Amino acid sequence: MPHSNPYVRLADEIARQLGQLGDHLAILPPHEATQVIARVVDPADGVLAGVTHLVSVSSMFAKVQAERGALPAEVWLALGRASNELDAIGGDLDEHREMLQHAGNRPDTAPAKPPAPAPLVVRRRR
C-alpha cells in the first residue's frame, strides 16, 4: 500500500532510483560509468552532495525535536556525526573530481600495453 505522505513516497522513489543506478553502473562501459561516478561525487550538484544536505537538514530537525523531548538526543548526535562524515568524504572525493571528469570524456580505447599495477595491488615477494 502506497504511503499517503508525498515526501515519504519521494524518498522511496529516490532510494529505488539510486539502487537502479547502482545496478546499471555495474554493467556500463568504463567511460560511461566514470561519467556517472563524476556526477555522483560532484560537490555542487552531485548525489553525494544532495544526500549530505538531506542528512544535515535532518540533523537540524532532530536537534529541535531533541530539545523538545520528542526525540532522544542520540538521534540528533548520530545524524550530526553522519552529516560530518559525509561532508568529509565528499571533500576527499572532490580531490579526484577533475580526473574522473577527464577520464569520463575519453572514449574507450584498448591500451597498447596493460597499465602498471596500482600501488594498492602490488604484491610483496617473500
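D94 and R97 form a salt bridge, their closest N and O atoms being 2.7 Å apart. The model in which this pair is found is predicted. The protein chain holds five helices and zero strands, and a search of the whole structure turns up four salt bridges.

**Chain overview**

- Along the sequence, the order of elements in the protein chain is α-α-α-α-α.
- Of the 126 residues in the protein chain, 17% are buried.
- Contacts between residues at least 6 apart in sequence include 54% that join residues at least 24 apart.
- The protein chain has an accessible surface of about 10200 Å², and carbon and sulfur atoms account for 60% of that surface.

**Salt bridges**

- In the D94–R97 pair, D94 is partly exposed, with a relative accessible area of 29%, and R97 is also partly exposed, at 22%.
- A salt bridge joins the side chains of D42 and R39, with 3.6 Å from N to O.
- D42 has a relative accessible area of 10% and is therefore buried, since the cut-off for buried is under 20%.
- R39, the partner of D42, is partly exposed at 46%.
- K63 and E67 also pair through their side chains, at 3.3 Å from N to O.
- K63 and E67 are about one helical turn apart, because four residues separate them in helix α3.
- An α-helix has 3.6 residues a turn, so residues three or four places apart point the same way.
- K63 is partly exposed, with 33% relative accessibility, whereas E67 reaches 57% and counts as exposed.

**Helix α3: span and faces**

- Helix α3 has 22 residues, and the distance from its first C-alpha to its last is 32 Å, close to the 32 Å expected at 1.5 Å a residue.
- The buried residues of α3 are L48, T52, V55, S59, A62, Q65 and A66.
- Viewed down the axis of α3, these buried residues fall within an arc of 145 degrees, so they line one face of the helix.
- Cover for the buried residues of α3 includes α2 (30-40) and α4 (73-94).
- On the face of α3 turned away from the buried side are the exposed residues H53, L54, F61, E67 and R68.

**Q65 and the end of α3**

- Q65 lies in helix α3, which covers residues 47-68.
- With a relative accessibility of 13%, Q65 counts as buried.
- Apart from neighbours within four places in sequence, Q65 has contacts with A70 and L71.
- G69 follows α3 and has a positive phi, near 85 degrees.

**Nonpolar surface patch**

- Y7, L10, I14, L18, L21, V47 and V51 make a nonpolar surface patch of about 590 Å².
- Helices α1 (6-25) and α3 each contribute at least two residues to the nonpolar patch.
- Helix α1 gives the patch its largest share, five residues.
- V47, one of the patch residues, is found in helix α3.
- V47 counts as partly exposed, at 33% relative accessibility.

Key: Residues numbered from 1 in each chain as written. Predicted model: local features only at pLDDT ≥ 70, side-chain atom pairs only at ≥ 80, totals over all residues. Heavy atoms only, no water. Buried < 20%, exposed > 50% of the residue type's maximum accessible area, 1.4 Å probe, protein only. Contact = heavy atoms within 4.5 Å. Expected span 1.5 Å × (residues − 1). Arc of directions from axis to C-beta. Patch = residues over 30% accessible without salt bridge, like charges linked within 9 Å, V, L, I, M, F, W, Y side chains within 5 Å. Areas by Shrake-Rupley, 256 points an atom, 1.4 Å probe, with all protein chains shown as cover.
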